[in-house]
Amino acid sequence: MEMMSGGLRFSDEMLGTFAPIIVYWIYSGIYVVLGSLENYRLHSKKDEDEKNLVPKKDVVKGVLLQQAVQAVVTGSDNESSQAQPASLIVLARQFLVAMMVLDTWQYFMHRYMHHNKFLYRHIHSQHHRLIVPYAFGALYNHPFEGLLLDTVGGALAFLVSGMSPRASIFFFSFATLKTVDDHCGLWLPGNLFHLFFRNNSAYHDIHHQLYGNKYNFSQPFFVMWDRILGTYMPYSLEKRTNGGFEARPTKDCKED
């Protein structure tokens with residue numbers, strides 16, 4: 001199948017590769033603008049600038065590298081296929097299955113990267129250089145981690161759910177929006193992701209703090225595996241005296 005845009009023909013597979021990248025930078029850009037709203041930040045702008053262990057220019061380079069690697073890997077395996085349009089019920093089922101598969105894969109891979117000292121030191125610690133998360137740092141990972149968690153996890157979600165390449169454009173764009181939102185560092189009123197998902201920017205912020213890096217591994221949609229396997233860290237959202245919010249654990253964090 002092919003879609004028309006300005007006289008050019010783009011296959012569904014190509015859009016499935018590049019649409020999430022475009023969505024990532026547009027949505028991140030919106031949060032960059034909103035980042036000036038100190039009363040809705042989970043950390044102050046000063047903390048963002050001083051506590052993080054990597055310059056923002058290096059974060060941009062790292063994200064672009066990961067996206068380039070993923071585009072090459074996924075693009076090299078694109079084959080056009082014809083598929084009948086699915087009903088809304090079928091699409092909803094496919095999306096739910098894909099969400100569950102992606103969550104399951106990412107939970108166990110993410111948790112293992114924290115518990116395996118070699119993988120954490122040489123691979124996953126790159127992402128945790130951002131102690132104060134922000135939107136365009138959501139995919140600041142080691143390229144190997146990007147391939148293992150995102151590319152392989154996404155391929156499994158796509159195959160197990162049985163969705164078409166066209167449906168995958170919307171699913172992976174939605175998953176990208178959710179991932180960026182979880183790292184945005186803001187708690188905005190009326191945020192629909194916060195309304196429908198317990199796994200949100202405050203929940204993931206706990207994981208990025210030194211006291212919480214053995215908890216809240218679930219990403220990007222549900223908190224199911226954290227609850228089942230005892231890595232769920234509840235929190236309360238408190239107002240800071242100098243403006244903004246702070247996600248505070250409501251139970252003691254213990255190191256494994």
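I began with Lys214, which I find in the loop between helix H9 (201–208) and helix H10 (224–229). The model I am reading is a predicted one.

Next I turned to the record. UniProt, in an unreviewed entry, lists residues 95–231 as "domain: Fatty acid hydroxylase". I looked up that span in the model and noted 61% helix and 0% strand, with the end C-alpha atoms 25 Å apart. The unreviewed UniProt entry also places a "transmembrane region" at residues 12–34; in the model this span is 100% helix and 0% strand, and its end C-alpha atoms lie 32 Å apart.

I then went through the nonpolar cores. The largest has 30 residues, and Tyr31, Val59, Phe171, Val180 and Phe221 are the members that touch the most others. I traced where its residues come from: helix H1 (12–34), helix H3 (56–75), helix H4 (88–115) and helix H7 (165–182) each supply at least two. The largest share, five residues, comes from H7. Apart from this core I noted a second, separate one of seven residues, which includes Ala202, Tyr215, Phe245 and Ala247.

I find Phe171 buried, with a relative accessible area of 0%. Which residues is Phe171 in contact with, leaving aside its neighbours within four places in sequence? I wrote down Phe95, Ala98, Met99, Leu102, Ala157, Met163 and Phe221.

From there I moved on to the aromatic rings, and the structure holds 18 aromatic pairs. One that I looked up is formed by Phe171 and Phe172, an edge-to-face pair at 5.1 Å centre to centre with 75° between the planes. I also recorded one aromatic cluster made up of Phe95, Phe171, Phe172, Phe174, Phe193, Phe197, Phe221 and Phe222.

My last entry concerns strands. Strand E3 (residues 235–239) and strand E4 (residues 245–249) pair in the antiparallel sense over five bridges, and for Ser236 I find that the bridge partner in E4 is Arg248. The hairpin of E3 and E4 has five residues between the strands, and there I noted that Gly243 takes a positive phi near 105°.

Conventions
Residues numbered from 1 in each chain as written. Predicted model: local features only at pLDDT ≥ 70, side-chain atom pairs only at ≥ 80, totals over all residues. Heavy atoms only, no water. UniProt positions renumbered as here; feature names shortened; annotations may be inferred. Helix = DSSP H or I, 4+ residues; strand = E, 2+ residues; numbered from the N terminus. Core = buried A, V, L, I, M, F, W, Y, C linked by side-chain atoms within 4.5 Å. Buried < 20%, exposed > 50% of the residue type's maximum accessible area, 1.4 Å probe, protein only. Contact = heavy atoms within 4.5 Å. Pairing = 2+ DSSP bridges. Phe/Tyr/Trp six-rings, centres within 6.5 Å; stacked < 30°, edge-to-face > 60°.
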